[in-house]
Amino acid sequence: MLALTSAGCASAGGGSQLQSDLDALQQQVWKLQKDNVALTQQLTQTGAATAAPDPAAAEMRARLDTLAHDVEVMRTRADEADQRVSTLANDLRTLRDAVETFIRTPAAIAAPSPGGQPATAPAGQGGAAGHPPATGGAGSEGPAATAPESPAGGTDLYRQAYADYARGDADRALQELEQFIRLHPGDDLADDAEFLAGEVYFSQQRYPEAVAAYDRLLKEHPAGDKAAAAYLKKGLALLEMNRTADAVIQLQHVVTAFPKSDEARIARERLKALGLRER
């Protein structure tokens, strides 16, 4: 979170510097325009308007054209910086939501059995050292591809997946998320798990897999609280895949279906950057 926050601040600072540079260039353009008008009026009054072009005036116009081009370049850079800041802000919100979910979720560690042994082992931590994640308890025999049901409906498995993702072990997190979704499709955290899977793929630049994860969420939880974010991130993933027309459809849907959401604000900004207006 500190890294993302620092990145967001750095990007915001870069955007402020770009805006300052842009304002300074604009002031120079206005000054040159004013000087150009004054020079033209002077030439007209002295009857030299039909004479050969004044080298000073030509030089001034060339400088004016150069500065106008620089202004346009700076404006483009400022827009790109704004887009990066918006993307970082959205990532920070996603991380914040995941952390809040992580904090709100009660610990799902099974109570010890009467014999003094745990009834179930926490997902990803069972058995001997080096045991694959999300297996059965220490006494499991044979290849165990699924974790036992926990009293909290598999919440511990979701928390383990999130913890692994936060540590940078994205592949293991994906395995645990897929296992959670398969075992607990009706859990309150199922849409969170599907969205987090999409985020993991997106962070790895595996955009087709990210789109598939967001599509699964939207198909299985169309009215869930992650729907707006899923439509937005699906649109951003499609942009990364150069499927601009499909991306625009998703971004327009965010603006139309969730007009007052933060996701709609980001979608409007991306549509504007593409030279489009919302419907």
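This is a predicted model: local features need pLDDT of at least 70, side-chain atom pairs count only at pLDDT 80 or more; totals for chains, interfaces and linings use all residues.
**Glutamine 204**

I looked up where glutamine 204 sits and found it in the loop that links α5 (190-203) to α6 (207-220).

Next I listed what glutamine 204 touches, leaving out residues up to four places away in sequence; the contacts are Ala170, Asp171 and Leu174. For alanine 170, I looked up the spacing to glutamine 204: the two are 34 residues apart along the chain, and their C-alpha atoms are separated by 8.4 Å.

**Nonpolar cores**

I looked up the largest nonpolar core and found 41 residues in it. Tyr158, Leu177, Phe180, Phe202 and Leu232 have the most contacts inside this core. I noted which elements give two or more residues to it: α3 (155-166), α4 (170-183), α5, α6, α7 (227-240), α8 (244-257) and α9 (262-273). The largest share comes from α7, with eight residues.

I also found a second, separate core of seven residues, among them Leu25, Leu32, Leu64 and Met74.

**Serine 20**

I placed serine 20 in helix α1, which covers residues 2-45. Lastly I took the spacing from serine 20 to methionine 74: they are 54 residues apart in sequence, and 9.9 Å apart in space from C-alpha to C-alpha. Met74 is the residue I had already listed in the second core.

How values were computed: Residues are numbered from 1 along each chain as its sequence is written. Side-chain values use heavy atoms; hydrogens and water are left out. Helices (H or I, at least four residues) and strands (E, at least two) are DSSP runs, numbered from the N terminus. Contact means heavy atoms within 4.5 Å. A nonpolar core is a set of buried Ala, Val, Leu, Ile, Met, Phe, Trp, Tyr and Cys residues joined through side-chain atoms within 4.5 Å. Buried means under 20% relative accessible area, exposed over 50%, partly exposed in between (1.4 Å probe, protein chains only).
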